[in-house]
Amino acid sequence: MIVIHPAKSYVLMETVFDQQNNGKPSTAQLKGCHIEMMKALVRLLKKEIGHYQVFGRKAGPDGHNLRSLRTNSVQLSKMLRCSVRTVRNRLSRLAACEWIKKVFHGSNAAFEIYLNLDLLHLQETTACHSNSVTGIFANPLPSMRQFLPNTLSRVPRQDTNKENEYSGLPSGTDAATTASAAPAPTVNQQQQDTSTGYHPSSEIPAGNPTAVPSPSKKVPRKKVSPPAKRPRTMAAATAHLSDRDRARLPRLIETVWEHAFSELDEWMPGYLVGSEITKGKIGLAEFFAYSNPERWKDAATEFIARVDLVTGWCERRTAAGKKAFIPLPSLWFDHRNPMGFAVSKAWYKTQQQQLKKAKIQSEINTCLKIYWRALESNGGDVDEAIRIIKQRLEKRGGPALFKLFTDKIQTAPSINLVA
């Protein structure tokens, strides 16, 4: 079974990203948002390839072309939390840089995306090491190898010599030098490798299916509960995190702390000594340390929005002639304090619901204008307008949103929009 290794694929993307942007104007360069788009595509492609092979099929329809990714702009916009237009612009930039190839099937259908195989690290689950097997597939896009001049092999020397014995090369040849000098395998060689199930990196015979281990299941993330008392040091608050997450956290805390301090400094007492600042940052760290690290960026955005809500509350109270102040950060940012910053979570949820209702109402009003314009025009096609409106609303909110529109037609007065 062939799977995509996301972490190693991201390393290849970042290398090509740095090399490909050299000498290009800023309007033609790739940005960090394009890397995030590629990471989302890699995750979706990994799931689709794995699901396709679970039923005993090969990685590609004919065994030599990697299966394409079938998706749409709405799915990608929900994953990346951006608009559909933003998704289209990012895909266009990636296609212009030859990172992807998009096959369009119409305005009301999912499209296909082919990823450049030079940016993916493919490996077999039965392999004895992590060597990439990307070469057995035909790359539908131009090669990106010119941007990877010094790619090192992670294959141990013993396994490299074993591969060279099978390929007829001397046992002392390095894999890094033979990778660039070796010609690409022909179609007949690819057919022979995929049909027999043998690869030089596999020590399991092709005719012994019982020796193939089953793919390991993904272990769910273990949820850790915060302690009953506030930790005294940052190390104690982040002790359960991995080294990678522990290294990411300080920069995130500094970002939200600077925003909170700049917005709430007017309503904070003037006793922010070094010990209080440290305790406040420890309280902020607990907001992130006991949540999902994959959502830390979204959590930081939510945190900043909640700080703005608290600022607005203080301004309204001051304008009404009432007192408004915020306790010291050691108490205010402690999630164990029910009257502290934790109160703003309910405010944030209420604000999101109001924004959602306003967005739905705006969409309904737009469709009402389309309907009345077609109804009151001389040559307007009302049935065609209803079809377009139904397709638009069901894409955004399902049949319930279209039913809300039909109910609105019965009660909304006719508006002369032609004049």
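1. Ser73 is buried, with a relative accessible area of 8%. Buried here means under 20% relative accessible area, exposed means over 50%, and partly exposed lies in between (1.4 Å probe, protein chains only). Ser73 sits in helix α3. Leaving out residues up to four places away in sequence, Ser73 touches Val84, Val87, Arg88 and Phe111. A contact means heavy atoms within 4.5 Å.

2. A word on the basis of these values. This is a predicted model, where local features need pLDDT of at least 70, side-chain atom pairs count only at pLDDT 80 or more, and totals for chains, interfaces and linings use all residues. Residues are numbered from 1 along each chain as its sequence is written, and side-chain values use heavy atoms, with hydrogens and water left out.

3. The mean pLDDT (the predictor's confidence in each residue, from 0 to 100) is 75 for the protein chain, and 73% of its residues reach 70 or more.

4. Now the overall make-up. The protein chain has 15 helices and five strands. These elements are DSSP runs numbered from the N terminus: helices are H or I with at least four residues, strands are E with at least two. Of the 419 residues, 35% are buried. Among contacts with a separation of 6 or more, 69% join residues 24 or more positions apart.

5. Back to helix α3, residues 73-80. Which of its residues are buried? They are Ser73, Leu76, Ser77 and Leu80. Seen down the axis of α3, the buried residues fall within an arc of 100°, so they line one face of the helix. That arc is taken from the directions from the helix axis to the C-beta atoms.

6. Both ends of α3 deserve a look. At its start, a side-chain oxygen of Asn72 comes to within 3.2 Å of the backbone nitrogen of Val74. Just after α3, Arg81 takes a positive phi of about 55°.

7. The sheet comes next. Three strands form an open sheet in the order β2-β4-β3, with antiparallel pairing. Its edge strands are β2 (69-71) and β3 (100-103), each pairing on one side only. From one strand to the next, the twist averages 30°. Two strands pair if DSSP finds at least two bridges between them.

8. Strand β4 covers residues 111-115 and pairs with β3 over four bridges, in the antiparallel sense. Glu112 of β4 is the bridge partner of Val103. Lys101 stands opposite Tyr114 in β4. The pairing of β2 with β4 is also antiparallel, over three bridges. There, Leu69 has Ile113 of β4 as its bridge partner.

9. How many of the five residues of β4 are buried? Four are, and the strand is mostly covered. In a regular strand the side chains alternate between the two faces of the sheet. Helix α4 (residues 84-96) lies across β3 and β4, running at about 120° to β3. Such angles run from 0 to 180 degrees between N-to-C directions, with axes fitted to C-alpha atoms, for helices over the stretch in contact.

10. Glu112 deserves a check of its own. This β4 residue is buried, with a relative accessible area of 10%. What does the side chain of Glu112 make a polar contact with? The partner is the side chain of Ser68, at 2.6 Å. A polar contact is a pair of N or O atoms within 3.5 Å; within protein, one must be able to donate a hydrogen and the other to accept it, and residues adjacent in sequence count only if both atoms are side-chain atoms. Neighbours within four places in sequence aside, Glu112 is in contact with Ser68, Leu69, Arg70, Lys101, Lys102, Val103 and His105.

11. At 46% relative accessibility, Thr255 counts as partly exposed. The C-alpha atoms of Thr255 and Ala300 are separated by 8.4 Å, with the two residues 45 apart along the chain.
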